[in-house]
Amino acid sequence: MFGSPLAAEPGFSLTVDPYWILVSLVQFLILYWLLRRFLWVPVMKALETRAAKIREGLELAEAARLDRERLKQEIETLLAQARAEANAIADRTAQAAEAAAAATRAEAKTEADRLRERGRLDARQLHDQALAQLRGELASMVVLAASRLLGREISAEQHRALIEQSLSEAGSELRKN
């Protein structure tokens, strides 16, 4: 009573029936064929498609990395060129400023020299005019004084020529000193 229900049945034995083996084998083959046809092929196609997309994505990523490195090199090259051009422009600007300053200094020096020379010429001319005026007045005074001393009058032209000659000689000796 308290035993197992299988033990209660008399004559239970494990037997293999060839019919059921054949049925199981046919069922297995049909299931294999159905799974292969409707499940395996689409799954494999999906996996191949996904693998192709992954390969394509990796190739695109590698191409993008190479492109990024190439662009980085181009940017570095362009920056180096821009720096070199900026330095060249700065050098040319400095040289132009120095040249302009030198030209301005030279022009100012030339103008100062010209003004100085003109001042010298004007001073010389004023000096000569003052000296000529002084000679003329001195000659008149000497003629007047000589005529009073002598009591007679010498020709003014002769006397003036004599005095101017003496003053010219005295003036040239003063210039030498």
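Which residues are linked with Arg65 in a network of salt bridges? Hold on to that one for a moment, and hello, everyone.

First, some ground rules. This is a predicted model, where local features need pLDDT of at least 70 and side-chain atom pairs count only at pLDDT 80 or more, while totals for chains, interfaces and linings use all residues. Residues are numbered from 1 along each chain as its sequence is written, and side-chain values use heavy atoms, with hydrogens and water left out.

Let's start with the overall layout. The chain has three helices and zero strands, giving the pattern α-α-α along the sequence. Helices here are DSSP runs of H or I with at least four residues, strands are runs of E with at least two, and both are numbered from the N terminus.

How confident is the predictor? Its score is pLDDT, the confidence in each residue from 0 to 100. The average over the chain is 84, and 85% of the residues score at least 70.

Now for the surface. Of the 177 residues in the chain, 3% are buried. Buried means under 20% relative accessible area, exposed means over 50%, and partly exposed is in between, using a 1.4 Å probe and protein chains only. The chain's accessible surface is about 15900 Å², with 63% of that belonging to carbon and sulfur atoms. These areas come from the Shrake-Rupley method with a 1.4 Å probe, and for residues only the protein chains shown count as cover.

Back to the opening question. The network joins Glu62, Arg65 and Glu69. A salt bridge here is a side-chain nitrogen of Lys or Arg within 4 Å of a carboxyl oxygen of Asp or Glu. The structure holds eight of them. In one, Glu69 meets Arg65 at 2.6 Å, N to O. Those two residues lie four apart in helix H2, about one turn of the helix. Glu69 is partly exposed at 38% relative accessibility, and Arg65 is partly exposed at 29%.

Let's move to the nonpolar side. Leu22, Val26, Ile30, Trp33, Leu34 and Phe38 form a nonpolar surface patch with about 610 Å² of accessible area together. Patches use residues with over 30% relative accessible area and no salt bridge, joining like charges within 9 Å and nonpolar side chains (Val, Leu, Ile, Met, Phe, Trp, Tyr) within 5 Å. One member, Ile30, sits in helix H2 and is partly exposed at 45%.

Finally, the rings. The whole structure has two aromatic pairs. The ring centres of Tyr19 and Trp20 are 5.2 Å apart and the planes are at 70 degrees, so this pair is edge-to-face. The centres of Trp33 and Phe38 are 6.4 Å apart with planes at 85 degrees, so that pair is edge-to-face too. To pair, rings of Phe, Tyr and Trp (its six-membered ring) need centres within 6.5 Å; planes under 30 degrees apart are stacked, over 60 edge-to-face, and the rest tilted. Both Trp33 and Phe38 are exposed.

Note on methods:
pLDDT = per-residue confidence, 0-100.
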